[in-house]
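Reader: I'm new to this one and a bit lost. Could you pick a single part and walk me through it slowly?

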Amino acid sequence: MALVQPLASGNGMTNGSTSNCSGVPGKAAGAALGCDAAAAAQQLSSDTQQAADHKSAAAAGEEAEEAPVEEEVDITINNVVCSFSVRCHLDLRYIAMNGDNVEYRRENGMVTMKLRKPYTTASMWSSGKITCTGLTSEPAAKVAARRVARYLQKRLNYQTRFCNFRVVNVLGTCTMPFAIKIADFSQKYPRLACYEPELHPGVTFRIKEFKATLKVFSTGSITVTAPSVAAVQRAIEHIFPLVNEFRKERTAADLAAVAASRARRYGSRDSSESDLDDDDSDID
Amino acid sequence: MASSSGRKVQQIGCPAHPEAHLIEDYRAGDQICSVCGLVVGDRVIDVGSEWRTFSSDKNAADPSRVGGAENKLLGSSDLSTMIGDARGAASFTADGQSKYQNRRQMSSSDRALTNAFREIALMADRISLPRTIVDRSNNLFKQVHDGRNLKGRSNDAIASACLYISCRQEGVPRTFKEICAVSKISKKEIGRCFKLILKALDTTVDMITTGDFMSRFCANLRLPNYVQRAATYIARRAAKELDIVPGRSPISVAAAAIYMASQASEDKKTQKEIGDIAGVADVTIRQSYKLMLPRAAELFPPDFNFHTPIEDLPEL
């Protein structure tokens, strides 16, 4: 599906892919970040195992949101935090002694278990509440949670019941293809935006209806913390026109700096940084 | 009126003119016959003030007052008398213990307020802030205290944040680091309280600009006036008009501008000296300076007297 077709609706932004790449460097698929959207879409579909259905749903959503301007902005989900309960009391000492890949910190009163497959860290309390962090998508969170509960059931013989699963927090990042004049931006929205250069180099913008907190930086990077992936997407769409007003085109030196930092971060990635087509999707 | 008992009888009157109207002189305590001026009544109780006060005597205690002026910020309910510390021989019993051990307590909210006001005054005194800022700070603290949203936070932290906000509101902002230097609260905590207070009082503050700090930093570095003016111009050009330094804190830009201006003049300051005064790391000054140096020609004011020309400005 070619996401670059201009359609009638809305705001100048397409979510090229709510991709699930992220904290794992050197991942071959390097999902969702091609300058060529069609290729990206293909990569996506042949991509990571878990989120196939999720991605197609997202892609379907994306088509509806394309804009007259041919710009794509990718949102990368970096961290999904979920919490659930197994409804039984856990003996932390027993788990610490007999479990694999666990760590027991007595001063915090919790056991941390690290999973490899959806790469995640699960913190367990003796009340039976468990929090999983470090995931990259909502379905992966569900899988990881179930895996943890299953582990407790099978290996450690607990009578677990999987309940109260909810995604608590999702962290997403995206980069605008332009730099932003944050001083003027923060002055225009004094109630919603908080900019204290001494405390933090970015503007903290809170959107009440999505319960999202966005941090907007002068380089054009935006990080969003929201209760769900859909909320992250809507928050970025909401803020794009606001930020677009204060855009500042990047100079050659800035672009070089951005490309250099990307090359450092995604060492195995290809030459997508060297693209400077008109379709300048500055994606990661 | 020194009228003795009885209704109509025995009103004091002038013996020569019994029907004459008596004028009262409160100041002297007299009643005087209006016709002949004879003083007929005396030792009338004087209702005037016991002491004279002159307007020049501002610092001297006002002897007409009983007790100190009422502080509007503290609760106006408290008009009680407090028993002070024991002094002199008479206040101790035979055992050597002080009589009157129980000092009457203030209400606890008043005590917290009094402590906080004292803390604010102490902090302000260390950096020589004027009375207006201290008063504004006290008002803010009282508002925050009454609102009770920040109840869990340490009072000292709230006091420091109130001081910071009042400096900002008066148009003479102090950096967080400067407030940290006179307070025992960490910068992080002051920053948190600052944001919470703004939210609780539903106010906003203006953004800091580079020019706010120029006079203080340059004075501390003892730079001549023309260097200060040049630095102010440079910083304003770099940050506002040309926007060469996106994302850099105005303090860092100001420090780099001072460095550039002083290096181009006779009195050259090192990055370390400027960093010490401004509370900025010298690598930070270096980074901002590197961004500003390529366009140095546009940054300097047109009438600047270059002791060291632009080409010879240090690269670092």
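Author: Happy to. Keep in mind that this is a predicted model. In chain B, the domain assignment gives domain 1 as 108–201 and domain 2 as 211–312. Let's look at the place where these two touch. Taken over C-alpha atoms, the centres of domain 1 of chain B and domain 2 of chain B are 31 Å apart. At the contact itself, six residues of domain 1 of chain B meet six residues of domain 2 of chain B.

How much area goes under cover there? Between them, domain 1 of chain B and domain 2 of chain B bury about 500 Å², with 50% of it on carbon and sulfur atoms. On the domain 1 side, Pro173(B), Thr175(B) and Glu178(B) supply 68% of the area buried against domain 2 of chain B, more than any other three residues.

As for polar contacts, the count between domain 1 of chain B and domain 2 of chain B is three residue pairs. The side of domain 1 of chain B that touches domain 2 of chain B is made up of one nonpolar, two polar and three charged residues.

One more stop, at another arginine: Arg237(B) lies in helix H7 of chain B, residues 225–241. Its relative accessible area is 17%, so Arg237(B) counts as buried. Leaving aside residues up to four places away in sequence, Arg237(B) touches Leu242(B), Asp243(B), Glu298(B) and Leu299(B).

Methods: Residues are numbered from 1 along each chain as its sequence is written. Chains are lettered from A and ligands numbered from 1 in the order in which they are written. This is a predicted model: local features need pLDDT of at least 70, side-chain atom pairs count only at pLDDT 80 or more; totals for chains, interfaces and linings use all residues. Side-chain values use heavy atoms; hydrogens and water are left out. Domain bounds come from an automatic or database domain assignment. Contact means heavy atoms within 4.5 Å. Buried area is the accessible area (1.4 Å probe) that two parts lose on being put together, summed over both. A polar contact is a pair of N or O atoms within 3.5 Å; within protein, one must be able to donate a hydrogen and the other to accept it, and residues adjacent in sequence count only if both atoms are side-chain atoms. Ala, Val, Leu, Ile, Met, Phe, Trp, Tyr, Cys and Pro count as nonpolar, Asp, Glu, Lys and Arg as charged, and the others, Gly among them, as polar. Helices (H or I, at least four residues) and strands (E, at least two) are DSSP runs, numbered from the N terminus. Buried means under 20% relative accessible area, exposed over 50%, partly exposed in between (1.4 Å probe, protein chains only).
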